[in-house]
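The following exercises concern a single protein chain.

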Amino acid sequence: MQANQAFIDISGYTRDELIGQPQNILRHPDMPKAAFKDMWSTIQSGKSWNGYVKNLCKDGEYYWVYATVVPSFDKDGNITAFTSIRRMPSEEKLKDAIALYATLD
């Protein structure tokens, strides 16, 4: 697992607090379970997933990202890891995502 400095800065965690921890330490309670179910189903099937994610900072604040999660494969085609690339979301598209997430469980 890796964590770049921008991720460390925005999350409020130290590198040592992040490395080796499950990604769900950042899961904000407002995020619908259906969004993560869709993400895991998609990436475990070997496909890339894109979506908006509200993350929880160490201090209780939050931030939104537009995430792309991509599976990595070994030479036999088995999934060995996942890489998450996060970008600043567009404000207009984020509003749409927030409205959609409000309708999900």
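Is Ser11 buried or exposed?

**Solution.** The model is predicted: local features require pLDDT of at least 70, side-chain atom pairs count only at pLDDT 80 or more, and totals for chains, interfaces and linings use all residues. Residues are numbered from 1 along each chain as its sequence is written, and side-chain values use heavy atoms, with hydrogens and water left out.

Step 1. Buried means under 20% relative accessible area, exposed over 50%, and partly exposed in between, with a 1.4 Å probe and protein chains only. Ser11 has 0% relative accessibility and therefore counts as buried.

Step 2. Ser11 belongs to helix H1. Helices (H or I, at least four residues) and strands (E, at least two) are DSSP runs, numbered from the N terminus.

Step 3. Contact means heavy atoms within 4.5 Å. Leaving aside residues up to four places away in sequence, Ser11 touches Leu18, Leu26, Cys57, Lys58 and Tyr63.

**Exercise 1.** State which backbone atoms the side chain of Ser11 reaches, and which backbone atom lies 2.8 Å from the side chain of Asn4.

**Solution.** Step 1. A polar contact is a pair of N or O atoms within 3.5 Å; within protein, one must be able to donate a hydrogen and the other to accept it, and residues adjacent in sequence count only if both atoms are side-chain atoms.

Step 1. The Ser11 side chain reaches the backbone oxygen of Ile8 at 3.3 Å and the backbone nitrogen of Tyr13 at 3.2 Å.

Step 2. Asn4 is placed in the segment before H1 and is exposed, at a relative accessible area of 52%. A polar atom of the Asn4 side chain lies 2.8 Å from the backbone nitrogen of Phe7.

**Exercise 2.** Find the salt bridges of the whole structure and place their partners.

**Solution.** Step 1. A salt bridge is a side-chain nitrogen of Lys or Arg within 4 Å of a carboxyl oxygen of Asp or Glu.

Step 1. Lys58 pairs with Glu17, and their closest N and O atoms are 2.6 Å apart. This pair links distant parts of the chain, 41 residues apart: Lys58 is in the loop between strand S1 (49-56) and strand S2 (62-73), and Glu17 is in helix H2 (residues 15-18). Lys58 is partly exposed at 45%, and Glu17 is partly exposed at 29%.

Step 2. Asp30 and Lys54 form a salt bridge at 2.6 Å, N to O. Asp30 lies in the loop between H2 and helix H3 (33-44) and Lys54 in strand S1, so the pair ties together parts 24 residues apart in sequence. Asp30 is partly exposed at 48%, whereas Lys54 is buried at 9%.
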